[in-house]
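Reader: I have a model open and want to read it feature by feature. Please take me through it.

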Amino acid sequence: MTTGRPGRADGGGHGRAHHPADRGGHRDNRACREVRWAVVVPQKDLRLAKSRLALDSRDRQRVASALFRDTVAAAQHTPGVATVIVVVDRIQDLEPVAGLGVGHVLGTGPGLNEALRQGELAARAGHPGCGVAALPADLPLIEPALLGRALAEAGAHDRAFLPDADDEGTTLLTARPGHALGPVYGIGSREAHRRSGAVELTGPGLAALRYDLDCLAHLALVPSPARHTHLFDVLTRLRTVPPLVDASYFPGLPGLSGRTAPPGVGRHPPQV
């Protein structure tokens, strides 16, 4: 997951978060449907983002910017999402999401977990009745319906998370209204979130949301341009493009038939 920095909330009220009475880790189906979400997307300094991509700095920034915009746009159109708040290091890093109507927090200190806590504060101040969901800015397979399914399942738990494709890290992390997000991203965050009491999401059809993009070979995951317009457009103009190879390493993932796993992608088969 990308890193971000904490900072001041831009605009909106600074009221105290609402903490409704909420007991137990599970909710009935009616309660789950009623959860509305504020999605927090951290984005580190775009000049430094995606440093493991074997591209020149300009192409690397283009890829990171396109991923950021497509991820935020997908979250904006997801059923049940009331608002999206991005956490950025520099005001210039808001350019990729200009015109999308998102709130933002401008970072002033280091650390992904602190960035998420600051984004959570802004989310709860402006939308006190919403749950909060932390979402990476580099999900090449994200779609509104997919994120909607994950959030619907997450709504049954006080706190929940989705592990990444390597079964070691974390992509999505959620907290219902009245519960702190409690992010512990970093090495081994899957186990850290599990130990913190968050429930691991295991519902069918969520595998595609477990893939973030960390190295050049991962670009082979990118599906049709209709789903990720900005990223696909950038990839068509790269001077270095990874080969798209063959087979069914990604069972159940849309748009990936006829491709094998690029090296280093998902050491363990995803749960589908």
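Reader: Is strand β4 mostly covered or mostly exposed?

Author: This is a predicted model, in which local features need pLDDT of at least 70, side-chain atom pairs count only at pLDDT 80 or more, and totals for chains, interfaces and linings use all residues. Residues are numbered from 1 along each chain as its sequence is written, and side-chain values use heavy atoms, with hydrogens and water left out. Helices (H or I, at least four residues) and strands (E, at least two) are DSSP runs, numbered from the N terminus. Buried means under 20% relative accessible area, exposed over 50%, and partly exposed in between (1.4 Å probe, protein chains only). Now the case: β4 spans residues 103-107, and four of its five residues are buried.

Reader: In which sense do β3 and β4 pair?

Author: Two strands pair if DSSP finds at least two bridges between them. Strand β3 (residues 81-88) runs parallel to β4, with four bridges.

Reader: How many salt bridges does the structure hold?

Author: Side chains of opposite charge can pair when their charged atoms come close. The criterion is a side-chain nitrogen of Lys or Arg within 4 Å of a carboxyl oxygen of Asp or Glu. The structure holds 11 of them. Take R47 and D45: their side chains meet at 2.7 Å, N to O. D45 is buried at 7% relative accessible area, while R47 is partly exposed at 44%.

Reader: Which residue does E200 meet in a salt bridge?

Author: R190 is one partner, at 2.7 Å from N to O. This pair links distant parts of the chain: E200 sits in strand β8 (residues 199-200), R190 in helix α5 (residues 189-195), 10 residues apart. E200 is buried, with a relative accessible area of 15%. R190 also counts as buried, at 15%. E200 forms a salt bridge with R194 too, the closest N and O atoms being 2.7 Å apart. R194 is partly exposed, at 38%.

Reader: Which residues are linked in the network of salt bridges?

Author: D167, R190, E191, R194, E200 and R210.

Reader: Where does pLDDT stay under 50?

Author: pLDDT is the predictor's confidence in each residue, from 0 to 100. Where it is low, the predicted coordinates should not be read in detail. The protein chain averages 77, and 68% of the residues score at least 70. Residues 2-32 stay under 50, yet the model gives them 84 contacts (heavy atoms within 4.5 Å) beyond four places in sequence. Residues 243-272 are also below 50, with 71 contacts in the model beyond near neighbours in sequence.
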